[in-house]
Amino acid sequence: MGLMNMNTREQDPIGQAILDFTKSKKPFDIIVKADLCDDDIIPIETLFRSFEEMPKLEQKAMQLCKGKILDVGACAGAHSRYLSDSGFNVSAIDVSPGAVLYLNEIGINAHQVDFFHFQPKEQYDTILLLMNGLGIAGTLANLEQTLLKAKSLLKPGGQILCDSSDVKFLYEEEDGSYWMDLNAQYYGEFKFKMSYKKIEGPWFDWLYVDYNKLHLAASNCGFKSSKIEDQEHHYLAQLILT
């Protein structure tokens with residue numbers, strides 16, 4: 001999930017939830033507070049889902065993976081574990097200390113680092129930005145910078161597999177009008193805060209981007225983009241470095 005700066009357990013709700021669940025198997029929800037919509041929850045069990053439990057969109061992303069893989073925002077490693085078990089060379093990064101501790105414990109090569117500060121000595125064939133992973137851009141204005149950072153980590157002909165949502169529907173009235181001026185600012189820019197038990201993280205920016213805007217940004221950054229799956233307002237995109 002979000003790439004905020006978290007250096008202590010007190011600021012690492014997701015990491016602590018992962019570590020607690022692996023020890024006790026007792027499910028406690030992660031609460032997601034938002035500035036523009038109602039609070040949501042992340043059931044901790046979903047972070048440990050198997051391939052069979054993944055949505056069709058994620059299963060398709062797993063099938064499209066190739067070569068050396070970087071899983072960005074790996075969380076509890078649902079995708080990294082599946083791909084590693086399938087014989088792929090997988091590396092993972094996350095800003096959550098608890099998540100990275102767990103990933104290393106289960107044999108995943110994981111590093112605690114912000115994506116924008118990640119400077120590996122190798123390049124990758126596939127970069128995964130799943131679970132609305134494009135959100136790490138934070139704002140629409142930062143989307144191209146995010147794609148260019150990913151581009152710098154890819155081998156020639158490499159690919160980004162990413163998903164996001166067109167959240168315009170959140171602002172639609174029953175008569176088809178919109179209660180928010182969609183031209184005033186980009187409607188997919190949110191601020192979120194996560195909490196687990198008494199552990200609360202900081203607010204962070206998160207982007208949901210419609211496919212047309214992603215396609216334009218990808219083209220500007222030297223990628224050929226394709227929409228692979230579309231489930232209601234949620235889509236999977238493949239960006240191939242040209």
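How do strands E11 and E12 pair, and over how many bridges? Strand E11 (residues 223-231) and E12 are antiparallel partners over 8 bridges. This is a predicted model, where local features need pLDDT of at least 70, side-chain atom pairs count only at pLDDT 80 or more, and totals for chains, interfaces and linings use all residues. Residues are numbered from 1 along each chain as its sequence is written, and side-chain values use heavy atoms, without hydrogens and water.

**Strand E12**
- Strands are DSSP runs of at least two residues, helices of at least four; strands pair if DSSP finds at least two bridges between them.
- Strand E7 (residues 154-165) also pairs with E12, antiparallel over 7 bridges.
- Cys-162 stands opposite Ala-237 in E12, while Asp-230 has Tyr-235 of E12 as its bridge partner.
- E11 and E12 make a hairpin with 2 residues between them, and Glu-232 in the turn has a positive phi of about 55 degrees.

**Nonpolar cores**
- A nonpolar core is a set of buried Ala, Val, Leu, Ile, Met, Phe, Trp, Tyr and Cys residues joined through side-chain atoms within 4.5 Å.
- The largest has 60 residues; Ile-18, Leu-147 and Leu-214 touch the most other members.
- Helix H1 (residues 13-24) gives the largest share of this core, 5 residues.
- Apart from it lies another core of 14 residues, including Leu-57 and Leu-128.

**Asp-94**
- Asp-94 lies in strand E4 (residues 90-94).
- The side chain of Asp-94 reaches the backbone nitrogen of Ser-96 at 2.9 Å.

Notes. Buried means under 20% relative accessible area, exposed over 50%, partly exposed in between (1.4 Å probe, protein chains only). A polar contact is a pair of N or O atoms within 3.5 Å; within protein, one must be able to donate a hydrogen and the other to accept it, and residues adjacent in sequence count only if both atoms are side-chain atoms.
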